[in-house]
Amino acid sequence: MPRRFHDAEELLPPATFLKRALAIIYDALISIAVLLVATWVYTVIGGWITGWDRFEEMAEAGQLSGDPGLTFVLFLVLYLFFAYFWTRIGQTLGMQVWRIRIENLDGTSVSWSQALRRYVTAAAVFFLALLAGYYVGAATLFVTLPAIIALFLPINGLSITDRMSSSVVVQVPKESR
């Protein structure tokens, strides 16, 4: 059941690009910590399953680099991290600091499928930017950096991720004391 943040008639102003960008930077730092812990857990489980001696041999031989299992686990962990916050309270930790929230137009929390569409849209643009940078080189920054900025830049209050997930990022008003 979706959580209602405010009445459907109440319209909150859209979040500015600066607040979105600052929240993204804050959440990126937290995401690095989450990914480090997930990688450590994956490595411990992998070493336990294959045996530590065999696992060490595989690591030294370079057989573990580019592990698609680890890539999938990290992608899934990051989605679960963001989707949990977006569906429960509408805010990640970085969004709480900058007082912005993801919600539906009627003031309810987004669903898991909306969170997935939002996450996959952002991940696809980042993946294509990294892929282009790897194969073409630093010159692709002239194309990919504006694409990444456009991904989160609100045009008429909605960014590309907002449009793809049928949600909005709004500024949360200060609570009166």
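**Terms and basis**

Ala, Val, Leu, Ile, Met, Phe, Trp, Tyr, Cys and Pro count here as nonpolar, Asp, Glu, Lys and Arg as charged, and the others, Gly among them, as polar. This is a predicted model, in which local features need pLDDT of at least 70 and side-chain atom pairs count only at pLDDT 80 or more, while totals for chains, interfaces and linings use all residues. Residues are numbered from 1 along each chain as its sequence is written, and side-chain values use heavy atoms, with hydrogens and water left out.

**Overall fold**

The chain has 7 helices and 2 strands, in the order α-α-α-α-β-α-α-α-β along the sequence. Helices (H or I, at least four residues) and strands (E, at least two) are DSSP runs, numbered from the N terminus. Along the principal axes, the C-alpha atoms fill a box of roughly 60 × 40 × 30 Å.

Of the 177 residues, 36% count as buried. Buried means under 20% relative accessible area, exposed over 50%, and partly exposed in between (1.4 Å probe, protein chains only). Among contacts (heavy atoms within 4.5 Å) with a separation of 6 or more, 74% join residues 24 or more positions apart.

**The largest pocket**

The largest pocket holds about 1,100 Å³ of space. It is lined by 36 residues, and those closest to its centre are L78, F82, A122, F126 and F152. On a 1 Å grid over the protein atoms alone, a pocket is an open set of points where a 1.4 Å probe fits, with protein on both sides within 12 Å along at least five of seven lines; lining residues have an atom within 4 Å of a point. Grid points are joined across faces, edges and corners, and the volume is the space filled by probe spheres set on the points.

By residue class, the lining has 29 nonpolar, 4 polar and 3 charged residues. At least two lining residues come from each of α1 (17-50), α3 (68-88), β1 (100-103), α5 (112-135) and α6 (141-152). Helix α1 gives the most, with 11 residues.

**The largest nonpolar core**

A nonpolar core is a set of buried Ala, Val, Leu, Ile, Met, Phe, Trp, Tyr and Cys residues joined through side-chain atoms within 4.5 Å. The largest one has 17 residues, and F82, W86, M95, I100, I102, Y119 and V169 have the most contacts inside it. Two or more of its residues come from each of α1, α3, β1 and α5, and α3 gives the most, with 7.

F82 is also among the residues closest to the centre of the largest pocket. Leaving aside neighbours within four places in sequence, F82 is in contact with D27, S31, T92 and Y119.

R101 lies in strand β1 and counts as buried because its relative accessibility is 10%. Its side chain makes a polar contact with the side chain of E103 (2.9 Å). A polar contact is a pair of N or O atoms within 3.5 Å; within protein, one must be able to donate a hydrogen and the other to accept it, and residues adjacent in sequence count only if both atoms are side-chain atoms. Not counting residues up to four places away in sequence, R101 touches several others, including F5, M95 and V169.

S159 sits in the loop between α6 and α7 (160-165) and is buried, at 0% relative accessible area. The side chains of S159 and T161 make a polar contact (3.0 Å). L130, in helix α5, is exposed because its relative accessible area is 64%. L130 and F152 are 22 residues apart in sequence and 17 Å apart in space, C-alpha to C-alpha.
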